[in-house]
Amino acid sequence: MRIPTVVLSATLVVAAAAPARADTRFLAYDAADRVTQAMTRGLTLEVERGLFGAVRLNGLYSTTSRGSARLERGGPDSVRRALEPGASESDVYAIAQEGDGRGLSRALCPGADSAWLVAGRVRAARPLTMHAVGRWADGTFRRCVTLSYAWRGEWATAPAPSPVE
């Protein structure tokens, strides 16, 4: 019975160290098609990487203009079901409605009451596809636009925040 105690102890030590080993990165992308360029041109994602390589998006910054939005992981399953058949992206992020988030939601899904981004696995030096999905006043969820990005690089520090208006 000595081995299970050692394994349990090691597991607890690793679990306790997880928050200390998480790191935040800023990954920049350029628009890869005309639709995406018309919507956002480029963006920088604030990405938190956990102990075992899990990635969570915390924020989105406009690369070419001033604007940012906080992202909150999760959303109703109806968001995923609104995607077109064959879409492999499945990580849902709600666009926070404070600050520039409300404007981003309206730009991506005009007329929607709220909006989410559905992203695939975010990895450095790889292209990125995200879908914007909105919920309308009647409760229906619809895919608004698919955004395609090409890898640009990684920022050493966070982009400058937008000025307070």
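Residues are numbered from 1 along each chain as its sequence is written, and side-chain values use heavy atoms, with hydrogens and water left out. Because the model is predicted, local features need pLDDT of at least 70 and side-chain atom pairs count only at pLDDT 80 or more, while totals for chains, interfaces and linings use all residues.

**The cores**

Start by selecting Leu45 and Leu108, the residues with the most contacts inside the largest nonpolar core, which has 26 residues. A nonpolar core here is a set of buried Ala, Val, Leu, Ile, Met, Phe, Trp, Tyr and Cys residues joined through side-chain atoms within 4.5 Å. Buried means under 20% relative accessible area, exposed over 50%, and partly exposed in between, with a 1.4 Å probe and protein chains only.

Now show what surrounds Leu45. Leaving aside neighbours within four places in sequence, its contacts include Phe26, Tyr29, Leu57 and Val122 (contact: heavy atoms within 4.5 Å). Another core, of seven residues, lies apart from the largest one; Val79, Leu83, Val92 and Trp116 are among its members.

**The rings**

The structure holds three aromatic pairs. Rings of Phe, Tyr and Trp (its six-membered ring) pair if their centres lie within 6.5 Å; planes under 30 degrees apart count as stacked, over 60 as edge-to-face and the rest as tilted.

Select Tyr29 and Trp151: their ring centres are 5.6 Å apart and their planes at 80°, so this pair is edge-to-face. Tyr29 belongs to strand E1 (residues 23-31) and Trp151 to strand E8 (residues 141-155), so the pair ties together parts 122 residues apart in sequence. Helices (H or I, at least four residues) and strands (E, at least two) are DSSP runs, numbered from the N terminus. Tyr29 is buried at 0% relative accessible area, whereas Trp151 is partly exposed at 27%.

Next take Trp116 and Phe141, with ring centres 5.6 Å apart and planes at 45°, so the pair is tilted. Trp116 is buried, at 7%.

Then select Arg142, whose charged end sits over the ring of Trp136, 4.5 Å from its centre. The rule requires NZ of Lys or CZ of Arg within 6 Å of the ring centre and within 35 degrees of the ring normal.

**The disulfide**

Select Cys109 and Cys144, which a disulfide joins, S to S 2.0 Å (cut-off: cysteine sulfur atoms within 2.5 Å). The link is right-handed, with 115° about the S-S bond. Cys109 lies in the loop between helix H4 (101-108) and E6, and Cys144 in strand E8, so parts 35 residues apart in sequence are tied together. Cys109 is buried at 0%; Cys144 is partly exposed at 26%.

**The salt bridges**

There are 10 salt bridges in the structure, each a side-chain nitrogen of Lys or Arg within 4 Å of a carboxyl oxygen of Asp or Glu.

Select Asp23 and Arg49, whose closest N and O atoms are 3.5 Å apart. Asp23 is in strand E1 and Arg49 in strand E2 (residues 42-49), 26 residues apart.

Move to Arg73 and Asp91, with closest N and O atoms 3.6 Å apart. They link strand E4 (residues 68-73) to strand E5 (residues 91-95).

Finish at Arg80 and Asp77, where the corresponding distance is 3.4 Å. Being three residues apart in helix H3 (residues 77-81), they are separated by about one helical turn. Both are partly exposed: Arg80 at 37% and Asp77 at 41%.
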